[in-house]
Amino acid sequence: MSKDQEELAWKMASQSVSTEEIGLLISARLLQEAEDAPTRLCLATAVSDEAKHCEVFARFSISCGGFIEKPAQYADNLRNAPPKVQTNFCCFTLERFPTT
Ligand SMILES: [Fe+2]
């Protein structure tokens, strides 16, 4: 891998740490609002999965660049947004990019 490719991989992995963390936070908030057991179990699994993804990207970032690059402004804004804004963003994304 060239130096440029390695730097790009580090930057992408660093940003993915933030993205996965946001996914974890939104899943956790939706979990608190879930009204039935199957939905709660599904969202609990999502929280666990996002935490694992976050850790993998963090380890990769540190192994490539020595540290995790500061998140882009959009990720910082979304992470610090009120829960209702985060949940609306998540629902909008699910409507636009359905997984089934
Ligand atoms: Fe993920």
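1. Helix α2, in this predicted model, covers residues 37–65 and comprises 29 residues. From the first C-alpha of α2 to its last, the helix reaches 42 Å, close to the 42 Å expected at 1.5 Å a residue.

2. The buried residues of α2 are Glu 50, Phe 57 and Ser 61. An α-helix has 3.6 residues a turn, so residues three or four places apart point the same way. As to their partner, the buried residues of α2 pack against α1.

3. Helix α1 is formed by residues 3–33, 31 residues in total. Its span from first to last C-alpha is 46 Å, close to the 45 Å expected at 1.5 Å a residue.

4. Which residues of α1 are buried? They are Trp 10, Ala 13, Ser 14, Ser 16, Val 17, Ser 18, Thr 19, Glu 20, Ile 22, Ile 26, Ser 27 and Leu 30.

5. Regarding the chain as a whole, the protein contains four helices and zero strands, and its pattern along the sequence reads α-α-α-α.

6. Of the 100 residues in the protein chain, 15% are buried. Among contacts with a separation of 6 or more, 73% join residues 24 or more positions apart. The packing of the buried residues of α2 against α1 may be read alongside this figure.

Technical notes: Residues numbered from 1 in each chain as written. Predicted model: local features only at pLDDT ≥ 70, side-chain atom pairs only at ≥ 80, totals over all residues. Helix = DSSP H or I, 4+ residues; strand = E, 2+ residues; numbered from the N terminus. Expected span 1.5 Å × (residues − 1). Buried ≥ 20, exposed ≤ 12 C-beta atoms within 10 Å, placed from the backbone. Contact = placed C-beta atoms within 7 Å.
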